[in-house]
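These are my notebook entries on a single protein chain. I set down what I looked up, one topic at a time.

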Amino acid sequence: MTRGGDHFDAYERDAWRFEAQPVYTMPKEAENVARFLRGDSKPPEHKVLDVSQDDHGLPLTGTDWWMFDGSRIVHLNFRVDGTQINRELFAGDTGPYLEWQRIALAHSVPFAEYVKRRPSDV
């Protein structure tokens with residue numbers, strides 16, 4: 001396994017994260033999650049893809065990942081309880097990841113729009 005941590009400081013153009021965990025237990029991010037659930041404002045470019053009704057053919061198998069500069073993938077591995085185990089540099093074909101990113105962006109909506117139309121019990 002190759003550690004994926006170095007890429008978080010080494011990308012040149014962009015970093016993009018795909019999140020598919022049913023639950024996150026990350027104490028350092030607890031306040032960010034609470035703000036999200038309250039519907040606090042986000043930057044205009046922050047978008048959300050709700051997959052509760054349609055998965056759009058995305059791989060919702062519990063693997064989160066970052067894509068750096070459209071060419072490097074780092075898997076984020078989690079325990080069932082939502083705590084992160086490690087990060088792992090993916091050495092395979094990035095083509096499917098680029099396609100999943102395209103699909104996710106095509107079907108996502110701005111955060112403010114998502115908050116307006118999400119179920120009240122979320």
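**Entry 1: salt bridges**

I began with R117, which forms a salt bridge with E113; the closest N and O atoms are 3.4 Å apart. The model I am reading is a predicted one. I asked how far apart in helix α4 the two residues are. R117 and E113 are four residues apart in helix α4 (residues 111-117), so about one helical turn separates them. I then looked up their exposure. R117 has a relative accessible area of 56% and is exposed, because the limit for that class is over 50%. E113, with a relative accessible area of 35%, is partly exposed.

I next noted that salt bridges with shared partners join E31, R35, R38 and D40 into one network. Within it, R35 forms a salt bridge with E31, and the closest N and O atoms are 3.6 Å apart. R35 and E31 both lie in helix α2, four residues apart, which is about one turn of the helix. R38 also forms a salt bridge with E31, here with the closest N and O atoms 3.3 Å apart. I recorded R35 as partly exposed at 31% relative accessibility, and E31 as partly exposed at 43%. The count for the structure comes to eight salt bridges.

**Entry 2**

I asked in which order the four strands of the open sheet are arranged. The order is β1-β3-β4-β5, and the pairing is antiparallel. β1 and β5 (84-90) stand at the edges with a single partner strand each, so one side of each has no neighbour in the sheet. Neighbouring strands of this sheet are turned by 20 degrees against each other on average, direction ignored.

I looked at one pairing in detail. Strand β4 (residues 72-78) is joined to β5 by six bridges, and the two run antiparallel. V74 has L89 in β5 as its bridge partner. Helix α3 packs on the sheet and touches β1, β3, β4 and β5; its direction makes about 100 degrees with that of β3.

**Entry 3: aromatic pairs**

I found eight aromatic pairs in the structure. One of them is formed by W16 and W65, a tilted pair with 5.5 Å centre to centre and 50 degrees between the planes. This pair links distant parts of the chain, since W16 is in strand β1 (residues 15-18) and W65 is in strand β3 (residues 64-68), 49 residues apart.

Ring pairs join W16, F18, W65, F90, Y97 and W100 into a cluster.

**Entry 4: nonpolar cores**

I then listed the largest nonpolar core, which has ten residues, including W16, F18, W65, M67 and Y97. β1, β3 and α3 each supply at least two residues of this core. The largest share, three residues, comes from α3. A104 is also in this core, and A104 touches W16, L49 and L58, leaving out residues up to four places away in sequence. A second, separate core has six residues, among them F68, V74, L76 and F78.

**Entry 5: single residues**

Q101 lies in helix α3 and is buried, with a relative accessible area of 17%. Not counting residues up to four places away in sequence, Q101 touches W16, W65 and M67.

A20 is in the loop between β1 and α2 (30-38). I noted that A20 is buried, with a relative accessible area of 17%. Beyond its neighbours within four places in sequence, A20 is in contact with L60, G62, T63 and D64.

V51 is in the loop between β2 (47-48) and β3. At 30% relative accessibility, V51 is partly exposed. V51 touches H56 and L60, again not counting residues up to four places away in sequence.

Definitions and conventions
Residues numbered from 1 in each chain as written. Predicted model: local features only at pLDDT ≥ 70, side-chain atom pairs only at ≥ 80, totals over all residues. Heavy atoms only, no water. Phe/Tyr/Trp six-rings, centres within 6.5 Å; stacked < 30°, edge-to-face > 60°. Buried < 20%, exposed > 50% of the residue type's maximum accessible area, 1.4 Å probe, protein only. Contact = heavy atoms within 4.5 Å. Pairing = 2+ DSSP bridges. Axes fitted to C-alpha atoms, helices over the stretch in contact; angles between N-to-C directions. Core = buried A, V, L, I, M, F, W, Y, C linked by side-chain atoms within 4.5 Å. Salt bridge = Lys/Arg side-chain N within 4 Å of Asp/Glu carboxyl O.
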